[in-house]
Amino acid sequence: MMENRYLLTTMLLLWIMLSVPLSSSAQDCNGYLLLTENAQYEILNYNQRNKLTGRVLYKVTDVRRDGNKSEATVHTQLYDEKGKMANEGSYQVGCENGSIWVDMRSLMNPEMMEAYKNMEIKMEGDNMDYPASLSPGQQLKDGTFTINVIDKGSGQNMSTITMLVTGRTVGDKERLEVPAGTYEGFKINQDMEVQTRAMGLKMPGTRMQTVEWFVPGTGWVKSETYRNGKLMAYSVLNKINK
């Protein structure tokens, strides 16, 4: 189903669309990669059979600072496994006192927008927060993201898609290797569920689990997506250009 393709892509991109600290203190927003003008990095996406399914390029196109607060616009380009650009877009991230947030509305998959190009799309969601410091056992804030698809002619709500991100728990540090280098990162587990209503009828939900590795001073370097305990896809940091 199209909604499931949207969900899987969202799982793969969630962690890599967050800011990546380079060398800042816990209360400083100035050292974050996605708050650094013209900074770029690349993520590679693979399926469970280790086949490359695409890559995503990110570039910071605008940074606004006001005291201890910063916000940035990040331009994205998504390429398929053959190297052809599938779509592009942008989203917002922010930082206050060293803690990062990203508006969950930025997780909208452009493929879904194309499928609903003749419809009106309304989105609302929480900010996903990532504190300035992490420790094993720490519980992070949950998030909710809702999409309403409305017929432009009649104004009728055709479908409502809600994504819930829960159980965000920080684990121990682990050592891992990715194309960009060798790192030690905190392992963060979280549950994701998509609930869909079409013409008022509730459809079967989709549940997934993700694991991401966050490296203080570098950022998110690897992630894995599971369904019913089975690996579905994973992503790795390929390179950084500062």
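**A residue and its surroundings**

E42 is found in strand β1, which covers residues 40–47; strands here are DSSP runs of E with at least two residues, while helices are runs of H or I with at least four, and both are numbered from the N terminus. Everything below describes a predicted model, in which local features need pLDDT of at least 70 and side-chain atom pairs count only at pLDDT 80 or more, whereas totals for chains, interfaces and linings use all residues. Residues are numbered from 1 along each chain as its sequence is written, and side-chain values use heavy atoms, with hydrogens and water left out.

Is E42 buried or exposed? Its relative accessibility is 6%, so E42 counts as buried; the word means under 20% relative accessible area, while exposed means over 50% and partly exposed lies in between, all with a 1.4 Å probe and protein chains only. Leaving aside residues up to four places away in sequence, E42 touches R55, V56, L57, V236, L237, N238 and K239, where contact means heavy atoms within 4.5 Å.

With R55, the side chain of E42 forms a salt bridge, at 2.9 Å from N to O. This pair links distant parts of the chain, since E42 is in strand β1 and R55 in strand β2, 13 residues apart. A salt bridge here is a side-chain nitrogen of Lys or Arg within 4 Å of a carboxyl oxygen of Asp or Glu. Side chains of opposite charge can pair when their charged atoms come close.

R55 has a relative accessible area of 25%, which means that R55 is partly exposed. The charged end of R55 also sits over the ring of Y79, 4.3 Å from the ring centre; for such an arrangement, NZ of Lys or CZ of Arg must be within 6 Å of the ring centre and within 35 degrees of the ring normal.

Strand β1 takes part in ring pairs as well. The structure holds two aromatic pairs, and one of them brings together Y41 and Y58, which are stacked because their ring centres are 5.1 Å apart and their planes stand at 15°. Y41 lies in strand β1 and Y58 in strand β2 (residues 52–66), so the pair ties together parts that are 17 residues apart in sequence. Rings of Phe, Tyr and Trp (its six-membered ring) pair if their centres lie within 6.5 Å, and planes under 30 degrees apart count as stacked, over 60 as edge-to-face and the rest as tilted. Y41 counts as buried because its relative accessibility is 4%, and Y58 counts as buried at 1%.

The rings of Y46 and Y234 also have their centres 5.1 Å apart and their planes at 15°, so this pair is stacked. The pair links distant parts of the chain, with Y46 in strand β1 and Y234 in strand β14, 188 residues apart. Y46, at 18% relative accessibility, counts as buried, and so does Y234 at 15%.

Strand β14 spans residues 230–241 and contains S235. At 1% relative accessibility S235 counts as buried, and its side chain is joined to that of N45 by a polar contact of 2.5 Å.

Now let us return to the salt bridges, whose count comes to seven. Another of them is formed by the side chains of E174 and K187, at 3.9 Å from N to O. This pair also links distant parts of the chain, with E174 in strand β9 and K187 in strand β10 (residues 181–198), 13 residues apart. E174, at 32% relative accessibility, counts as partly exposed, and K187, with a relative accessible area of 25%, is partly exposed too. The side chains of K222 and E224 meet in a salt bridge as well, at 3.6 Å from N to O, and E224 is buried, with a relative accessible area of 13%. Salt bridges that share partners join D62, R64 and E71 into one network.

Terms used: A polar contact is a pair of N or O atoms within 3.5 Å; within protein, one must be able to donate a hydrogen and the other to accept it, and residues adjacent in sequence count only if both atoms are side-chain atoms.
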